[in-house]
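Have the sequence and the model open side by side.

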Amino acid sequence: KAFVVGDIIRAGDTTGTVKSIDVLSVKLVTFDNQLVRIPNETLVKSVIINITRHPVRRLNVRVLVPHSADLGAARAALDEAAAALPQVMIEPKPFFFVDSWDQEGIWITYGLWIEHKDVVEVKNGFFMGMQAAFARRSVPLPRRSLVVDAPGGAGEADPPSPAGPAG
């Protein structure tokens with residue numbers, strides 16, 4: 001069986017705790033306490049992710065840093081934020097991966113191994129700890145600037161004269 005009553009699953013766009021399994025459907029209760037009935041016919045054709053099948057999972061956090069950031073300092077800050085949380089497992093070690101480099105900056109994926117019951121607490125604590133650790137280690141965060149030309153700026157025609165065209 002892919003799941004049993006009590007498991008937390010994701011089927012399509014719906015995530016929730018399995019409350020019942022019957023001949024025609026599965027009933028889930030979502031995290032905002034809505035009851036969702038999913039016909040078995042739909043489930044057979046869907047990808048189902050059982051979030052709680054294993055007691056341990058990796059929580060992946062994607063972080064964007066500017067191109068100018070010291071990646072060693074960024075990794076040290078992420079390691080520091082993870083080490084401050086007792087729910088984060090020492091083994092396996094956190095996962096650090098430079099995911100991509102694009103015009104926005106450098107994307108890092110950082111994975112923390114935790115028990116699935118600790119996801120919300122660890123995610124909140126990690127983001128708060130990461131912000132403080134980045135500040136202590138002077139790791140910059142991405143910034144976006146918007147430049148707007150003022151009227152009469154380069155490339156703009158002179159405004160019309162209040163007296164009208166010369167003639």
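This is a predicted model: local features need pLDDT of at least 70, side-chain atom pairs count only at pLDDT 80 or more; totals for chains, interfaces and linings use all residues.

Residues are numbered from 1 along each chain as its sequence is written, and side-chain values use heavy atoms, with hydrogens and water left out.

**Asp7**

- Asp7 sits in the segment before strand E1 (8-11); strands here are DSSP E runs of at least two residues, helices are H or I runs of at least four, and both are numbered from the N terminus.
- Asp7 is buried but has no salt bridge, and Arg53, the nearest side chain of opposite charge, is 5.3 Å away.
- For the terms: buried means under 20% relative accessible area, exposed over 50% and partly exposed in between, with a 1.4 Å probe and protein chains only.
- A salt bridge needs a side-chain nitrogen of Lys or Arg within 4 Å of a carboxyl oxygen of Asp or Glu; Lys and Arg count as positive, Asp and Glu as negative, and His and the chain ends are not counted.
- Leaving out residues up to four places away in sequence, Asp7 touches Gly16, Thr17, Val18, Asn50 and Thr52 (contact means heavy atoms within 4.5 Å).

**Aromatic rings**

- There are 3 aromatic pairs, where rings of Phe, Tyr and Trp (its six-membered ring) pair if their centres lie within 6.5 Å; planes under 30 degrees apart are stacked, over 60 edge-to-face and the rest tilted.
- Phe95 and Phe97 make a stacked pair, 6.0 Å centre to centre with 25° between the planes.
- Phe95 is partly exposed at 31% relative accessible area, and Phe97 is partly exposed at 40%.
- Tyr110 and Phe126 are stacked too, with ring centres 5.7 Å apart and planes at 5°.
- That pair links distant parts of the chain, with Tyr110 in strand E8 (residues 105-115) and Phe126 in helix H3 (residues 119-136), 16 residues apart.
- Tyr110 is buried at 1% relative accessibility, as is Phe126 at 0%.
- Tyr110, Phe126 and Phe127 form one aromatic cluster.

**Val65**

- Val65 is in strand E6 (residues 56-65) and is buried, at 0% relative accessibility.
- Beyond its neighbours within four places in sequence, Val65 contacts several residues, including Leu71, Ile106, Ile108 and Phe134.
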